[in-house]
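Let's take a quick tour of the structure below. Have a look first, then read on.

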Amino acid sequence: MELYLYIALFSPLVGSMFAALFAASPKTSIAGIVPSFLLFVSFVASTILLVNILSGGDVVHVEMMTWMATGNLYIPFGFVVDQVSVTMMMVVTVVSTVVHVYSIGYMDHDKSFNRFFAWLSAFVFSMLVLVMSDNFAGLFIGWEGVGLCSWGLIGFWYHKESATWAANEAFIMNRIADLGMLIGLFLVYWNTGTLQYDEAFAAMPALAPEVLTWMGIFLFIGAMGKSAQFPLHTWLADAMEGPTPVSALIHAATMVTAGVYLVVRANPLYELIPHVGLFIASLGAFVALFAASMALVNRDMKRIIAYSTLSQLGYMFVAAGLGAYWVALFHLMAHAFFKALLFLGAGNVMHAMHDELDPFKMGGLKKPLKWTFIMMTVASVALAGIYPLAGFFSKDLILEVSLIEHHYIIYSVLLFTAGLTAFYSFRLVALIFHGEERYKIFGIHPHEAYKFVLIAMSPLLLLAVIAGSFKMTYFEMVTAVLPATEYHVHSVMMYWIMTIGTQLFVLLAIAFAYKKYANNAIAIPDGSSKMENRLCYKILKNQYYIPYAYEEYFVKPYRELSDVFWKHIDMKIVDASVDGIANIFYSTGEKTRTMQSGNLSTMLKWMVAGTVALLSLAVVYGLAVRYSDEIMLILSGLGVQ
Amino acid sequence: MMEIGLNHYLVLSTILFSIGLVGVMRRKNLLMLFFATEILLNAVNIAFAAISHFYGDLTGQMFAFFVIAIAASEVAVGLGLLIVWHKRHGNIDLEHMSTMRG
């Protein structure tokens, strides 16, 4: 089994290296095909590992080599395939294989085709390191690796100012959060003396609650950055500057869920500090509503899906915070499938529409883009949580969890958000695929994506439909390592009322979205209608003015402060002292050059003076050495050491 | 009559050295400068010989011979250059030899 572990882990790296060989040369199809094939190999190896675990095999735990061994610190490159990491491996390899094949079609006309695959495969490798590592240090390496690849892929079209800006924003925001994460790791090491998961978690129950609380908080700060939770959320929507397959893979299915994975992985820690868990759940519920509300009015297709991702991450954190770790991981898995599908569908639409992102300029695309229409509709239905698609099983479970745990506020927020989710998803579907063909005035002739692209997407379509049926198998598997709390509403009556109520509510929201946006005469927002001038609309449209506030209250003061530091500290102290030293040499040189009069007589006089000076120094030194005892005596008499 | 000891020689050497130094500093004639240098060297030679005798160690006197030999060769080279200079410029005055100004 070890062999399969290494194959699963390292074949994306080989693929990345292979594509990187061609990075500087023009488009070579093989640079896309080989990494995709190697990812498929990785997927097959992961499946074998999954089957092994499912059939009751042992957890595969290997120590590849020692990384650091100094004093008491011992960190190996160790990897573990247990029930949790195998789930993550399956999600990562399935989605990334699909996305790789999809990208061969999507990036077909891009001149940096080869570079794209080098980055994308490197990302998958980092993500696998993150989920497979058996210690916090390895997790951190993967964590930083995915951050780096995310930076490289958001800023993939680096000639665009906005793309490089978004890449830097994402990178810097993540660095801020990673500082918190790093402090969390230091706390873990400081207090338990190890970074290995099993040993560290075994040592935690003996620690003081305050220490555990701080550990939990700092680790969660790291998770907040990676999973774009409030207030570090702004980068995710801006990250949509990257190519769409990147958004599907990194900013929907895998990397952003790393925060959830961290909390799930650290469940023995969070079990001990339920108050931090409650905070995580509350923040999650807040973000779910907050992000969904921003998605309601946005006019950028990809940003709407990005806010939806943010909102769903909120759901996952609610589950993780309330101790339902397996539910969080289940929603993570289901969400990865249908959200990646949604993004890839959006990519098809973008291609057909010549990179147009505003759904108000589309409409009526269901005929030319029949398959994309079906896929995106199914993905949206799954996202909305309609029976029997994946979202129903995972999302409604989170609602049930919050109800059973008696957090009624969280429950109602999540229920309301479920309605919003349905509304904005179908607002998007209705605007893109139904109604009048508004794109015609732009002279666009939409065409469906390549057949192999559609075929590549079909596994996700299938999984978005059937993922819910794995629930019990999955539950039995992961509860070997996660707390096995089954969540059942106490009375059958209550369960049916809840389920049917939620379903009706969601269906109503969908119907409302269709009624409002699927007809032929929709109002295109142009700033004149009454609704657009309402305060709440403006607040939502401007994303609660948070990007604006960050720009005003953090970026600008920081820039001004940097200006002050540059002008007053750098120029006047650092530069001045360096220049001062140079100037001393210049001016002494300038003054002493008159010595070089060329007159031999004068030079001889200087020579004599120098000799005399050296001689007298020698004499003084000799005397000082000879009478050192007396000199010390006098000095000590004067009070000098 | 007082016995002549090491100190006397050293004092003589110092006096000669000082005369030589003053000569080196004050003289403007290149030939006179050579004389002054000779005085400096010989002042040192006296000190070498005297101290060597005082300790009964021949190394100092041997060194004095080396100094004399080197001084002779130095003067030979120096005088040669001096004659060339005189042929070119018609004088050997230090004031006129200032082509290497800084």
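How many helices and strands does the secondary structure of chain A come to? Chain A has 25 helices and 2 strands, counting DSSP runs numbered from the N terminus (helices are H or I with at least four residues, strands E with at least two).

This is a predicted model, where local features need pLDDT of at least 70, side-chain atom pairs count only at pLDDT 80 or more, and totals for chains, interfaces and linings use all residues. Residues are numbered from 1 along each chain as its sequence is written, while chains are lettered from A and ligands numbered from 1 in the order in which they are written.

**Chain A as a whole**
- The C-alpha atoms of chain A fill a box of roughly 110 × 65 × 55 Å along the principal axes.
- Of the 641 residues in chain A, 48% are buried, meaning that 20 or more other C-beta atoms, placed from the backbone, lie within 10 Å of a residue's own.

**Two packed helices**
- Helix α3 (residues 83-106) and helix α19 (residues 451-466) of chain A pack at about 165 degrees, with axes 8 Å apart; axes are lines fitted to C-alpha atoms over the stretch in contact, and angles run from 0 to 180 degrees between N-to-C directions.
- That makes α3(A) and α19(A) roughly antiparallel (angles over 145 degrees).

**Where chains meet**
- 11 residues of chain A are in contact with 11 residues of chain B (C-beta atoms, placed from the backbone, within 7 Å).

Technical notes
Contact = placed C-beta atoms within 7 Å. Buried ≥ 20, exposed ≤ 12 C-beta atoms within 10 Å, placed from the backbone. Parallel < 35°, antiparallel > 145°, perpendicular 65-115°, else oblique.
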